[in-house]
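Biologist: Hi, could you walk me through this one? I'm new to it, so please keep things plain.

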Amino acid sequence: MSILRQLTPALRQYLIVTGNYWAFTLTDGALRMLVVLHFYQLGYSPLEIALLFLFYEFFGVVTNLFGGWLGARIGLNRTMNIGLGMQVVALGLLLVPSAMLTVPWVMLAQALSGIAKDLNKMSAKSSVKQLVPANAEGTLYQWIAILTGSKNALKGAGFFLGGALLTLLGFQGAVLAMAVALGFVWLLSLVLLKEDLGKAKNKPKFSQTFSKSAAVNYLSAARMFLFGARDVWFVVALPVYLASTLGWDHWSVGGFLALWVIGYGMIQSVAPYLTGKRSGRLPGGREAFWWALGLMLLPVLIALSLTTNIYPQFTLLAGLLLFGAVFAINSSLHSYLIVSYAREDGASLDVGFYYMANAMGRLIGTVLSGYLFQVAGLTACLWVSALFLAIAAGVSLLLPARTE
């Protein structure tokens with residue numbers, strides 16, 4: 001506590017926001033792995049397990065639509081604390097006796113967790129806009145990259161944590177431990193987080209949720225297709241393919257995907273140095289176009305390798321690693337641009353709208369991943385991924401060439 005008091009107010013609030021985001025993300029990743037492994041042990045198929053998260057993704061769309069408006073009206077400190085509290089409630093719902101852990105009950109808990117996650121993420125990203133001076137775009141990019149990258153690295157670490165807690169404490173013991181730890185973080189946040197952070201000077205109407213900024217709208221469309229392109233093959237198709245076609249056990253699948261997410265998050269954190277910051281340039285729409293175009297080539301090459309049966313396993317795994325690295329740069333670049341484009345007063349409105357598009361892309365990708373893999377296999381998922389990335393690249397050409 002004494003160390004926090006020695007820091008500047010803006011840096012102190014940034015560290016509190018980041019700490020909240022980290023704690024939430026760790027439990028979010030661990031909870032996902034707990035649910036996946038526990039229901040796998042109960043005999044559910046991978047596709048059935050994926051469908052448990054359908055409400056998680058759907059309510060992400062709804063939350064981002066309302067969450068940005070709510071944050072502008074009541075303050076980002078309150079929306080962040082509401083998110084933390086709701087995650088504690090979601091964990092509590094899973095502490096019921098095993099006989100009550102039915103699919104509808106778990107979907108309800110996941111719906112609450114999805115709402116909590118997007119309130120927390122929207123609040124964290126929007127609050128950085130308020131904590132960085134208006135003329136410090138380089139600092140804004142760096143702070144956003146660190147926040148986003150560390151979040152994804154911790155989500156991967158959460159996968160490991162979930163597996164370890166399940167082994168050591170069992171399902172209910174693991175959930176209880178996480179609920180207690182996150183409850184403690186929530187209480188600290190209620191005390192330490194600055195009041196009225198991010199509250200708009202004028203109470204915005206709900207109609208203002210839909211951005212009037214062309215740059216925000218184009219970036220939101222590009223984001224939707226970017227995340228749809230990832231999840232259309234990553235969420236269901238890839239894990240099932242690794243297990244059913246390559247014969248990996250579920251620990252190998254979970255461990256590999258956890259390492260992938262950790263590496264992805266680490267690259268996000270250094271993305272500013274790969275997109276022009278070292279030379280003193282800040283990225284804009286042209287950079288978003290070229291990085292999306294480069295990413296599009298990877299699912300095409302993987303799909304061709306699987307179709308022609310030329311080193312399919314090596315190409316898939318190497319391609320996945322390259323896809324994660326280039327996707328991380330695309331994602332970090334988008335995360336900076338939305339905060340840069342967002343209005344000064346009520347930034348959460350634009351950020352919330354943008355993350356609604358992000359959640360919509362994930363929802364579309366998740367549903368298509370299961371359906372396309374079931375009817376046409378992994379190769380079809382990869383071709384659709386390439387198509388989505390081509391659309392994201394095309395839309396990025398409409399963005400301002402350079403941030404001011």
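Biologist: How do the axes of helix H9 and H13 cross?

Modeller: The axes of H9 (residues 237-244) and H13 come within 13 Å, and they cross at roughly 150°. That makes H9 roughly antiparallel to H13. Angles under 35 degrees count as roughly parallel, over 145 as roughly antiparallel, 65 to 115 as roughly perpendicular and the rest as oblique. Axes are lines fitted to C-alpha atoms, for helices over the stretch in contact, with angles from 0 to 180 degrees between N-to-C directions.

Biologist: And which hand does the crossing of H9 and H13 have?

Modeller: The crossing of H9 and H13 is left-handed. Left-handed means the near helix is turned anticlockwise from the far one by less than a right angle, and right-handed means clockwise.

Biologist: Before we go on, what should I know about the model?

Modeller: It is a predicted model, with local features needing pLDDT of at least 70 and side-chain atom pairs pLDDT 80 or more, while totals for chains, interfaces and linings use all residues. Residues are numbered from 1 along each chain as its sequence is written, and side-chain values use heavy atoms, leaving out hydrogens and water. The helices (H or I, at least four residues) and strands (E, at least two) are DSSP runs, numbered from the N terminus.

Biologist: Thanks! Back to H13: how many residues does H13 have, and how far does H13 reach?

Modeller: H13 has 30 residues, and from first C-alpha to last it reaches 41 Å, close to the 44 Å expected at 1.5 Å a residue. The expected span is 1.5 Å times one less than the number of residues. H13 is also mostly covered, with 24 of its 30 residues buried. Buried is under 20% relative accessible area, exposed over 50%, partly exposed in between (1.4 Å probe, protein chains only).

Biologist: What about H8, how do the axes of H8 and H13 cross?

Modeller: Those axes come within 11 Å and cross at roughly 160°, so H8 and H13 are roughly antiparallel to each other. The H8 and H13 crossing is left-handed. As for H8 on its own, its 21 residues reach 30 Å between first and last C-alpha, close to the 30 Å expected. Like H13, H8 is mostly covered, with 15 of its 21 residues buried.

Biologist: Where is Gly228 found?

Modeller: Gly228 is in helix H8. Gly228 is buried, at 1% relative accessible area. Gly228 and Leu363 are 135 residues apart in sequence, yet their C-alpha atoms are 7.6 Å apart in space.

Biologist: Switching to rings: how many aromatic pairs does the structure hold?

Modeller: Nine. One of them joins Phe225 and Phe388, edge-to-face, at 5.5 Å centre to centre with 75° between the planes. This pair links distant parts of the chain: Phe225 is in H8 (residues 214-234) and Phe388 is in H15 (residues 378-396), 163 residues apart. Phe388 is buried, with 11% relative accessible area. Ring pairs also link Phe227, Trp233, Phe323 and Phe327 into a cluster. Rings of Phe, Tyr and Trp (its six-membered ring) pair if their centres lie within 6.5 Å; planes under 30 degrees apart are stacked, over 60 edge-to-face and the rest tilted.

Biologist: You mentioned H15. How do the axes of H12 and H15 cross?

Modeller: The H12 and H15 axes come within 8 Å and cross at roughly 165°. H12 and H15 are therefore roughly antiparallel, and their crossing is left-handed.

Biologist: Which loop is Asn309 found in, and is Asn309 buried or exposed?

Modeller: Asn309 is in the loop between H12 (285-308) and H13, and at 57% relative accessibility Asn309 counts as exposed. Its phi is near 60°, a positive value in a residue other than glycine. Tyr311 lies in the loop between H12 and H13 too. Tyr311 has a positive phi of about 45°, although it is not a glycine, and Tyr311 is exposed at 65% relative accessibility.

Biologist: Last one: where does Tyr355 lie?

Modeller: Tyr355 lies in helix H14 (residues 347-376), and Tyr355 is buried at 1% relative accessible area.
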